[in-house]
Amino acid sequence: MFVGRRDQFAELVEALSASRSGEGSIVLLSGSAAAGKTAILQKFQRASVESAAAFLKASGSTQERGLRFGVMRQLLMRMRVPSAACERARALLDEGLRALDEAHADPAAGDRVMFGLCEVVLALSEAVPVVVVVDDVHEADAESLRCLNYLARRVSTARVMVVLTERSDFRMAYAGARAGFTRQPLFREIRLRGLTTGEVRELMAAELGEAVADSLAEECARVSGGNPLLATALVEDLAAAPGEDRRLVTGESFGFAVVDCLQRLNPESTELAHRLAVYGAEASTLTLGQSCARVTARTVTELRAVGLVTDRGFRSPAAAAAVRAEVPAEDVARYHREAAVLLRDAGAEPRLIADHLMAAGQPEPWAVGLLQEAAQTALDAFDFAGAVGLFEAAHRASTDPGQAARLLLWRSRAAWQVDPVLALSRLPELTAALEAGQLPVREASSLIKDLFWHGCIDEAARVLELAVDLSAASGEDDVAEIHYLRTWLSAMCPPLLERAFPEPEAAPPAEARRPAVPANVAADTRLQAATTLSSVFKDGPVPSAVSGAEHVLERSPLGPVTLEHVNLALMALFYADELDRAQAWCEELFAEARSRAIPTWEAVLVAFRAQIHIVSGDLHAAETDCAHALEWLAPRSWGLGIGRPLASSVYALTAMGRYEEAQARLAQPVPEAMFQTPFGQQYLYARGYYLLATGRFRAAHGDFMACGQSLQRWGIDPGTVVPWRTATAEAWLALGEPKRAVPLLEKELALHGASRPRIHGKALRLLAGTVEPRRRLQMLRQAVTGLEACGGKLELAYALADLGRTHHVLGQSSRARMVIQRAYRLAKQCSAEPLCCSLLPEVQTGEEEAQPRAVTAGPPALAPSEEEALTEAEQRVAVLAAEGHTNREIARRLYVTVSTVEQHLTKIFRKLNVARRSDLPLLVTGEKATRSLASYGRPAMGW
């Protein structure tokens with residue numbers, strides 16, 4: 001496609017026609033690099049050969065400019081003429097070289113040589129028209145230029161056409177010879193300009209169609225700057241791009257074309273292009289608009305003419321990227337430093353300057369304040385990764401130890417938002433800085449909490465002791481900081497508090513500990529959040545704690561500083577059993593974290609939301625949230641906080657009957673120090689219920705008792721973190737020890753009445769299983785009423801299941817069926833498959849809502865004589881088979897072989913006179929049935 005050059009080509013053809021009639025001419029094609037001069041010459045060469053003209057061509061070159069008579073040798077040694085003419089030309093060229101080499105050569109020898117060479121061409125033109133073409137004549141050697149000037153003066157009456165091409169920005173390089181050409185009467189200059197938008201459209205239409213050309217021609221013209229080489233490359237990239245929805249693509253062809261243009265520039269222009277590519281748009285604008293040694297009018301003009309830059313820098317990021325890839329590695333850092341100084345002197349934004357300083361490598365001391373300011377700007381924009389790098393660079397450049405320590409601390413705070421592991425590596429340096437007095441006491445809390453998060457309890461205790469010692473000689477601010485740490489540790493890590501403060505702090509009265517927004521606390525949101533959570537742990541769900549937590553949340557938009565006390569306030573609402581408020585705040589905060597795309601924030605909040613889902617009975621949502629939390633933040637990054645998502649996940653998976661997945665979660669290593677925190681107690685509680693559900697009752701009892709012992713030692717309100725008494729009692733029931741279970745349940749009921757309805761309802765349900773059916777019925781109804789009022793679908797489903805079974809035992813079949821159906825629906829909503837299977841072993845598949853196997857009659861019960869006919873081992877197998885478990889699952893649950901299960905089932909079918917397991921009764925009455933169902937380990941979920 002010869003777009004935008006037809007008129008120029010027509011002028012050449014017209015000049016060729018005139019020269020054939022004996023009217024010689026000199027034509028100079030002038031244009032910028034890659035303007036299409038060579039393409040015109042190639043087309044013109046074909047036209048000349050077709051017209052039977054002799055075509056003599058040569059090209060100037062920077063590398064060959066010192067080669068004397070080099071261009072003339074190219075022209076004459078390649079002539080397709082009789083050998084005598086070639087020999088004559090060679091002899092003349094050799095003579096010319098000897099004349100230049102000889103010290104006392106005849107001065108007229110040079111003129112004889114030039115005359116002779118011209119005569120060879122003119123003699124040839126007598127037989128055939130001659131076209132002499134010299135591409136890039138501005139790069140020709142001096143001797144050849146003199147010969148061409150000599151020839152130009154003699155072609156006016158000969159059949160000789162001389163065609164020269166030049167780079168318009170190189171005219172001064174051969175100004176004398178050029179003047180000789182322009183003085184000739186038959187000289188004409190053809191200037192090649194850039195393609196217009198209309199010409200670019202024509203180029204695109206021929207290759208891509210009218211529709212694409214109409215929509216993209218203007219953008220293509222802008223990006224290419226009218227440069228034919230660049231425009232053609234854009235068309236090639238667009239043609240190669242997949243899809244019908246076309247948009248301008250700057251791909252491989254465009255990149256190669258930019259590099260091609262770059263290689264055609266003079267060295268000064270190439271260096272300027274390199275600088276601009278590294279400088280970026282802002283520094284490029286400043287550079288192109290000023291006068292300095294590195295920027296000359298010629299270099300700027302050349303870059304503009306070739307279509308690469310405008311007054312504001314490169315026309316497209318792709319062009320800048322292609323040039324930047326060509327910059328020598330040793331020059332990159334130097335150019336970045338130049339850009340930083342240039343922008344600093346111009347008063348540019350600190351972040352912009354800092355980016356160049358970072359790219360240049362080791363910054364200089366003058367840049368510390370600027371880097372710090374840029375880091376703060378990054379923090380304000382929630383660009384924590386950028387802030388980490390900026391603080392790190394400022395730390396390296398700082399020569400003041402105190403300043404360096406503070407910068408390192410700020411770097412660690414920003415790193416924690418990205419990934420807590422990034423902060424871990426610098427904690428030893430920060431500890432040393434605190435010991436050296438380079439950090440104030442008020443900064444110790446941040447360091448202690450980081451050490452605590454990563455399980456470095458010994459190091460945290462040492463720093464805390466040091467901070468306490470330093471605060472003794474400090475002002476009130478430092479004393480207040482230590483008070484805050486004590487309050488925070490009392491909730492988050494009581495063992496660390498005991499180590500650092502063997503003597504307990506004088507405790508205020510209970511009323512004074514309840515933060516309704518006390519005046520001495522409201523000024524410090526951190527302290528208010530810690531005080532609120534500590535109050536809930538010590539005194540239970542008092543109203544003042546709830547109002548205090550909400551006050552903290554209302555004053556704390558999510559941010560790097562507020563995340564900590566936002567988390568404490570959410571915990572206070574959750575442990576105060578204010579689930580609706582906690583969930584509303586959690587959803588709002590999580591949406592904000594999601595919009596910021598900060599993994600640490602998202603992981604912490606989604607793990608908290610999973611806890612709420614557990615209590616409300618949405619097991620599938622809880623496990624989904626846990627999976628996301630563990631995906632967004634690696635286990636090592638979770639530190640001691642890993643207990644929260646792992647505990648929720650194990651709870652959910654166990655209640656859903658996905659025991660192998662729960663076991664895989666439990667197989668994940670956890671820090672030993674985690675068990676010195678509330679997260680560790682939640683983990684123990686979850687593990688205990690997994691063990692209970694899989695038949696390891698003694699081990700489950702051990703985990704529950706460990707929870708209780710820790711929480712009692714720490715002085716945490718029973719049931720706030722986990723209802724360990726209820727859990728321990730359930731383990732005793734599974735072990736067939738109701739006498740040991742009953743006191744624990746009665747104590748739980750005495751401690752938690754209306755203030756803890758979920759714990760109260762669960763304890764009442766378990767206690768009901770230890771009494772005779774009629775009394776059990778009354779207790780279960782009470783439990784159901786309480787659980788209905790407080791929510792928590794899963795625990796309600798278990799209570800309804802027990803209530804339905806009790807109705808059945810008492811012969812109230814219709815009522816039993818209705819209650820069990822309701823229990824089934826709730827269990828299905830919770831994804832509690834084990835409970836569903838225990839209620840309805842045969843569920844019709846494909847139905848929207850499962851119906852019981854026999855709608856017209858209640859679940860059949862064993863007659864006492866039949867029940868007594870089964871051994872205890874057979875009772876266990878019968879119950880599990882009735883609940884829908886396969887033989888292999890029953891064998892794994894009871895730690896027997898599959899063959900043993902099959903033998904038991906054969907005897908069970910014979911004794912009960914049934915033909916298949918679907919005919920087995922759903923309920924087994926009596927003490928053996930209770931123990932069999934307890935051994936199944938149905939987990940009653942709740943923290």
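**Walking through the model**

Q: Which residues does Gly 194 touch, leaving out those up to four places away in sequence?
A: This is a predicted model, so everything here is computed from its coordinates. Gly 194 sits in the loop between β5 (187-191) and α8 (197-208). Not counting residues up to four places away in sequence, Gly 194 touches Glu 199 and Gly 226.

Q: Is Gly 194 buried, partly exposed or exposed?
A: Buried would need a relative accessible area under 20%, and exposed one over 50%. Gly 194 comes in at 40% relative accessibility, so the label is partly exposed.

Q: How many Å separate Gly 194 and Ala 305, C-alpha to C-alpha?
A: Along the sequence, Gly 194 and Ala 305 are 111 residues apart. In space, C-alpha to C-alpha, the two are apart by 8.1 Å.

Q: Among contacts between residues at least 6 apart in sequence, what percentage join residues at least 24 apart?
A: The chain has 943 residues, of which 56% count as buried. Its secondary structure comes to 50 helices and seven strands. For contacts between residues at least 6 apart in sequence, the share joining residues at least 24 apart is 69%.

Q: What is the volume of the largest pocket?
A: Rolling a probe the size of a water molecule over the atoms shows where empty space is left. For the largest pocket, the volume is about 1,000 Å³.

Q: Which of the residues lining the largest pocket are closest to its centre?
A: The lining of this pocket has 34 residues. By class, 17 are nonpolar, seven polar and 10 charged. Closest to the centre are Gln 417, Ser 446, Pro 560, Val 561 and Glu 564.

Q: Which helix supplies the largest share of the lining of the largest pocket?
A: Helices that each give at least two residues to the lining are α17 (368-380), α18 (384-397), α19 (401-418), α22 (444-453), α24 (476-492) and α30 (563-575). The largest share is six residues, and it comes from α22.

Q: Which residues have the most contacts inside the largest nonpolar core?
A: In soluble globular proteins, nonpolar side chains tend to be buried together. Here the largest nonpolar core has 240 residues. Those with the most contacts inside it are Met 204, Phe 314, Leu 533, Leu 619 and Trp 638.

Q: How many residues are in the second, separate core?
A: Among the members of this second core are Val 134, Val 137, Ala 140 and Val 155. The count for this separate core is 41 residues.

Q: What does Leu 533 touch, not counting residues up to four places away in sequence?
A: Leu 533 is one of the residues with the most contacts inside the largest core. With residues up to four places away in sequence left out, Leu 533 touches Ala 491, Met 492, Leu 568, Met 571, Ala 572 and Tyr 575.

Q: What does Ala 530 contact, leaving aside neighbours within four places in sequence?
A: Ala 530 lies in helix α28 (residues 525-539), and with a relative accessible area of 2% it is buried. Its C-alpha is 7.1 Å from that of His 565, 35 residues apart along the chain. Setting aside neighbours within four places in sequence, the contacts of Ala 530 are Tyr 484, Thr 487, Trp 488 and Leu 568.

Q: Is Glu 550 buried or exposed?
A: Glu 550, in helix α29 (residues 543-554), touches Leu 573, Arg 581 and Trp 585, not counting residues up to four places away in sequence. Its relative accessible area is 18%, so Glu 550 is buried.

Q: How many disulfides does the structure hold?
A: Take Cys 830: the closest cysteine sulfur, in Cys 836, is 8.5 Å away, so a bond is out of reach. Cys 836 is in no disulfide either, with the sulfur of Cys 837 nearest at 6.7 Å. The number of disulfides in the structure is zero.

Q: What is the phi of Phe 382?
A: Most residues other than glycine have a negative phi. Phe 382, in the loop between α17 and α18, is not a glycine, yet its phi is positive. The value for Phe 382 is about 60 degrees.

Conventions:
Residues numbered from 1 in each chain as written. Predicted model: local features only at pLDDT ≥ 70, side-chain atom pairs only at ≥ 80, totals over all residues. Heavy atoms only, no water. 1 Å grid on protein atoms, 1.4 Å probe; cavity = no way out; pocket = protein on both sides within 12 Å on 5 of 7 lines; lining within 4 Å. Points joined across faces, edges and corners; volume = space filled by probe spheres on them. Helix = DSSP H or I, 4+ residues; strand = E, 2+ residues; numbered from the N terminus. Nonpolar A, V, L, I, M, F, W, Y, C, P; charged D, E, K, R; others polar. Core = buried A, V, L, I, M, F, W, Y, C linked by side-chain atoms within 4.5 Å. Buried < 20%, exposed > 50% of the residue type's maximum accessible area, 1.4 Å probe, protein only. Contact = heavy atoms within 4.5 Å. Disulfide = S-S within 2.5 Å.
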